[in-house]
Amino acid sequence: MGMSVTISAATEADAEQILKLQYLCYQSEAQLYGDYSIEPLTQSLDSVRAELTGGTVLVARLGDEVVASVRGSVDADGTARIGKLIVHPRMQRHGLGGRLLGAIESALGTAGAARRFQLFSGHRSEHNLRLYRKHGYTTVDTRQVDERLTLVTLAKDAQGLDAAALATSA
């Protein structure tokens, strides 16, 4: 390719690219569960813009193109909720999802003083679940939403993060 992927904070100018990438990436999830009305496929551009101002949003760029993104925020109890980790299909299986996950953990651990990280995935999303487990997440809850979907909530303590990694991401 000749270019390297860089990870940085998203800007308001990235909102449209993030939304388009999200729509592309969640097609496979919708197909897997037989539900094309899932929130990532129906989210509005204004809602993405609101997330950009209300939390931490990171993007991975290849040149000017946003090829991956992740969002997160820390609640009053110190739980960082990570969501919508997306990687363009042509960029998957090259470690970019893991890099982005580490970057959002570092950003939320530094800026938001996260004590714990939490995320969720559908029970059939084996690639996602494997990625999260590889990065130290364990299942803490399962909840059946309907006959097609069981949400798996995974978490890990922020204390497991390397303090030097947190300091260098600031």
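1. **Ground rules.** The model is predicted, so local features need pLDDT of at least 70 and side-chain atom pairs count only at pLDDT 80 or more, while totals for chains, interfaces and linings use all residues. Residues are numbered from 1 along each chain as its sequence is written, and side-chain values use heavy atoms, with hydrogens and water left out.

2. **The sheet.** Start with the strands. Helices (H or I, at least four residues) and strands (E, at least two) are DSSP runs, numbered from the N terminus. Seven strands form an open sheet: there are 7 strands in the order S1-S2-S3-S4-S5-S7-S6, and the pairing is mixed. Two strands pair if DSSP finds at least two bridges between them. Strand S1 (5-9) and strand S6 (138-144) are the edge strands, each pairing on one side only. On average, neighbouring strands are turned by 25° against each other, direction ignored. Axes here are lines fitted to C-alpha atoms, for helices over the stretch in contact, and angles run from 0 to 180 degrees between N-to-C directions.

3. **The S1 end.** S1 pairs with strand S2 (residues 56-62) in the antiparallel sense, over 5 bridges. Ala9 stands opposite Leu58 in S2. Helix H1 (residues 15-25) packs on the sheet and touches S2, strand S3 (65-74) and strand S4 (79-87). The direction of H1 makes about 95° with that of S3. Contact means heavy atoms within 4.5 Å.

4. **The S7 end.** Which strands pair with S7? S5 does, in the antiparallel sense over 7 bridges. S6 does too: 6 bridges join S6 to S7, and they run antiparallel. In S7, Phe120 has Thr153 as its bridge partner, and Thr142 has Val152. S6 and S7 form a hairpin, with 5 residues between them. Strand S7 (residues 150-157) is mostly covered, with 6 of its 8 residues buried. Buried means under 20% relative accessible area, exposed over 50%, and partly exposed in between (1.4 Å probe, protein chains only).

5. **The cores.** A nonpolar core is a set of buried Ala, Val, Leu, Ile, Met, Phe, Trp, Tyr and Cys residues joined through side-chain atoms within 4.5 Å. The largest one has 26 residues. Ile82, Leu96, Leu101, Phe117 and Tyr137 have the most contacts inside it. S2, S3, S4, H5, S5, H6 and S7 each give two or more residues to this core. H5 gives the most, with 5 residues. A second, separate core has 15 residues, including Cys25, Tyr26, Leu52 and Val66. In soluble globular proteins, nonpolar side chains tend to be buried together.

6. **Leu100.** Is Leu100 buried or exposed? Leu100 counts as buried because its relative accessibility is 0%. Leu100 lies in helix H5 (residues 96-111). Not counting residues up to four places away in sequence, Leu100 touches several residues, among them Ile7, Leu58, Ala68 and Ile86. Leu100 and Arg71 are 29 residues apart in sequence and 9.9 Å apart in space, C-alpha to C-alpha.

7. **Two loop residues.** Asp14 is found in the loop between S1 and H1. Asp14 is buried because its relative accessible area is 4%. Leaving aside residues up to four places away in sequence, Asp14 touches Ala9, Val59, Arg61 and Val66. Ser125 sits in the loop between strand S5 (116-122) and helix H6 (126-134). Ser125 counts as buried, at 2% relative accessibility. Beyond its neighbours within four places in sequence, Ser125 is in contact with Glu29, Leu32 and Tyr33.
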